[in-house]
Amino acid sequence: MNIIATIIPEIFLSISIMILLIFGVFIKESFNIVYKSSIVVLIFAVLLLVNNFENFSQIFNDSYLIDNLSNYIKTLSIISAIVVLLISYEYINSLKINKFEYPILIISSLLGAMIMISANDLIVFYMGLELQSLPLYVLASIDRENERSTEAGLKYFVLSALSSGLLLYGCSLIYGFTGSTNFQLIAQNFNSNNLGLIFGIVFIIVGLGFKISVVPFHMWTPDVYEGSPTSVTVFFALVPKIAAMTVFIRFTNVAFAGIFDQWQLILIFLSVGSMILGAVAAIGQDNIKRLMAYSSIGHMGYALAGILTGTIEGTKSTIIYLTIYAVMNTGMFACIFFMKRKEKYVENIKDLSGLSKTNPLLAVGFLIMLFSLAGIPPLAGFFAKFYIFVAVLESKLYLLAVIGLVTTVVSAFYYLRIVKIIYFDESKISFQNVKNLPLKFVLLTSSLIILLYFVYPSILIDMTSSISLG
Amino acid sequence: MNFPILSFITFFPLLGAVCIFAIQGKKTDYIKNSQNVAIFASVLNFVLSLYLWFNFDNTHSGFQFVEEYEWLKGFVNFKFGIDGISIIFILLTTFITPICIFSGINSVSFRIKEFLILILLMETLMIGVFCSLDLVIFYLFFEGGLIPMFLLIGIWGGEKRVYSAFKFFLFTLLGSVLMLVAIITIFILTGSTDVEQLLNLKIPENYQYFLWLAFFSSFAIKMPMWPFHTWLPDAHVEAPTAGSVILAAILLKMGGYGFIRFSISLFPNASEYFAVLIYALSVIAIIYTSLVALMQDDMKKLIAYSSVAHMGFVTIGIFTMTKQGVEGALIQMLSHGIISAGLFLCVGVLYDRKHSRLISSYSGVVNFMPKYSLFFMILTLGAIGLPGTSGFVGEFLVLVGAFKISKLIAILSSTGIILAAGYMLWLYKRVVFGSILNSNLKNIKDLNIFENYYLLALVAVTLFFGFYPDPLFQTFSLSVDNLILQYEMR
């Protein structure tokens, strides 16, 4: 009974998925009702989760872990999923991809992410990962009439399957050399002189690196971001990355905590590579979704910089970074959903030119998000980077900090380029008036959070203060 | 003093900006209303800062009106406070901002609402810089100013505005991020970023050198010192008049303020070690940029280069670490803030009428604009540093301070005054005197009522502090003594 009580949100989501699926199959024209009830289901899930906060419990033979970290990240993920559903309703309808499977797939992927977040065992982790990824392949290609969407789905499927294979191979190596799949037992049985284990770690890092799209495993990101329907891109940018990053935290701080030296250098290279590529490659992009893909590569580099310090402060700074990253991306994509002209969504950044004259409020929204993504104070994006750099400098990684800050300046260039197009260029035809209350609400809320974060920046420190790594 | 007056002065313009943002209505109505709100907010803020000045205790060398709130748990407290040095910069900011607003209302022809919002936002950020007593808070305001300035240059600027705005933004950001590394390092070394506490906790000497250089990179770009000055002429030339005024009058002073408040007080050993570097760069700045200024055919560019030269005096003055030198630097900053603001406004007056900044487009302006020529003359003389203007007081004291350190520096930097006389008088002669060569100058109108008043205000202040600078000395004398005492006890 106690076991069931601890994973009520997961159970609730699984049952809801099945009910919604049956409902959707048997009732015609069920998209609207399934979509709306999905949102209700997710809101219930958040409430269940928040009401059942348990500080620490390990269930199912210690393979499933509920702690403050998992609670926090799960809440963040579910809220992100709710926001994704809220802002994409109109988009899905106007693209005619309003199939009832869409919200169900999102919830399934979310459920997979939640299992990943709580995994304390290689097998459970892998199961969660696959449950999270499979719906994403379908979601990426859900606009099946569209060549690019199909391409995105296929590309993601092939590369993701490859990386899953590598992960699984890494898991089997680790199991073979430590005799256990449980994270704590792995940590106990670890022998850092064993080359097989090191290989196992490398494979796992490669697999996870793919999921969070850090250099050099980032190749799929721009194509998938660009090809997928925007509503799916938002989801890609949020839930899978947050979940995979959490798994990264679990691996590096629990399972492999003993051999810090071995993986730190690898992660430094991944982090620096992502920062540099994220800053440089985005400069030439004209498609805003593609640009956001490179921007997210860069941001994952910064988030990784927190983890690789191997300290609790570093981990917390990564969690704070992910939270602010999620809000910024939500806001940014909410802005992108407004880019609609003659019933068609446009994606080129040139389409934004002179937006400040035709639609000043939306322009301010873009302005806040872009400067925050660039990390300019006093917006929230600055604080995200600030926490990371405090952690990095405390670990005396001076070079990493300087590279990180210099790439901030380079990446400021392409964010400024969009600001320039919006504010300095001559205006084009204005976007059509979008009367979408949830979308406006999400944009307003995220803008206010980003803008007013400086008033009381301790809020995330308070929220993450109870997180420990056991 | 329980009322948080510093926070109020800092955030009051922001409140005004929010009000303007919220104003709706018919086009003529909301323009009128937003102008009124902006004028009200900025003028009231000036009055408040005067009130602050009268309540300021000259006989007390520490920080006053200190406010402290818990802010970033475990890292930083939100801390505001002023001493005799910061208060004069607050006065300068609140004095210049209404002038910018009047100038904007007078000459900005489109998107006036956004313009006023940005200027008020800028005022909040600038006052915040001078009030903060915590490095992170300081950084927040210091960097935050980039956003509105970028937009000011980019939206209302001249032809090459995009290039200039980007150059300004990226240059300053690059310098500042290095300062951020230094700030975090200080936090890790000492466990605090509170300036008052840091003055007592000594920073280990071997760390001071790197930290000093990191802060230097930021302040030297902002100041700007040769050879980091290249963004300035571009930014000045392309910025709208009000933007140039804010840049020259206040943003440049943040660099000098930063040197005084942070570099010297926190890293005294490094400051002594690197003083020679500063002298060298400053002397080069004074002579080289003055020569460059001589050759300019664009009025704004000429004044921009002259700013670099004048800032050279400031850095020499600060790093002489003598009472005369530092006080001279402070007066020089203040007077340059007022005089260069006036000069940019004068160029703006001509530009609004004839849409050219080239010297060769004008001649014999005195025939049609006698009032204008008078104001322009006093400001020109102030820029040269003629006795009786505030420019003289600053430069004279700096040279006295420099003479105590090294005769060579004093002699070399004095040539700057001669060169200044050369380029300024030549500029004045070519624009104002002579016969009218360009026939479309014939219908040029003299100052309108707005221009008349704000130029009068600037000229009055220049002359007042030229003849009677004592109130300023009384305000910052003890704080400067304290600064030098701490430096000598390093």
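## Basis of the description

The model is predicted, so local features need pLDDT of at least 70 and side-chain atom pairs count only at pLDDT 80 or more, while totals for chains, interfaces and linings use all residues. Residues are numbered from 1 along each chain as its sequence is written, with chains lettered from A and ligands numbered from 1 in the order in which they are written.

## Chain A as a whole

Chain A contains 20 helices and four strands, where helices (H or I, at least four residues) and strands (E, at least two) are DSSP runs numbered from the N terminus. Its radius of gyration is 21 Å, close to the 23 Å that the globule rule gives for 470 residues, so chain A is as compact as a globular protein of that length; the radius is taken over C-alpha atoms, and the rule is 2.2 Å times the number of residues to the power 0.38. The C-alpha trace of chain A spans about 65 × 60 × 40 Å along its principal axes.

Of the 470 residues in chain A, 56% are buried (20 or more other C-beta atoms within 10 Å of a residue's own; 12 or fewer is exposed, and in between is partly exposed, with C-beta atoms placed from the backbone). Among contacts in chain A between residues at least 6 apart in sequence, 79% join residues at least 24 apart, a contact being two residues whose C-beta atoms, placed from the backbone, lie within 7 Å.

Helix α2 of chain B (residues 27–54) has 28 residues and should span 40 Å at 1.5 Å a residue, which agrees with the 41 Å between its end C-alpha atoms; the expected span is 1.5 Å times one less than the number of residues. The buried residues in α2(B) are B:Ser34, B:Val37, B:Ala38, B:Ala41, B:Ser42, B:Asn45, B:Ser49 and B:Leu52, and what covers them includes α1 (5–22), α3 (84–107) and α4 (112–131) of chain B.

α4(B) also packs with helix α11 (residues 241–266) of chain B, at an angle of about 15 degrees and with the axes 11 Å apart; axes are lines fitted to C-alpha atoms, for helices over the stretch in contact, and angles run from 0 to 180 degrees between N-to-C directions. α4(B) and α11(B) are therefore roughly parallel to each other (under 35 degrees; over 145 is roughly antiparallel, 65 to 115 roughly perpendicular and the rest oblique). In this pairing, B:Ile119, B:Met122, B:Met126, B:Val129 and B:Phe130 of α4(B) meet B:Ala242, B:Ile246, B:Ile250, B:Met254 and B:Tyr257 of α11(B).

## The contact between the chains

The contact takes 27 residues from chain B and 25 residues from chain A. On the side of chain B that touches chain A, the elements giving two or more residues are β1 (64–72), α5 (135–144), α6 (146–156) and α7 (161–190) of chain B, and α7(B) gives the most, with 14 residues.

Most residues other than glycine have a negative phi, and most peptide bonds are trans. Another cis bond joins B:Met223 and B:Pro224, with omega about -15 degrees.

B:Met321, although not a glycine, has a positive phi of about 60 degrees; B:Met321 is buried, with 20 other C-beta atoms within 10 Å. B:His355 has a positive phi near 55 degrees and is exposed, with 9 other C-beta atoms within 10 Å.
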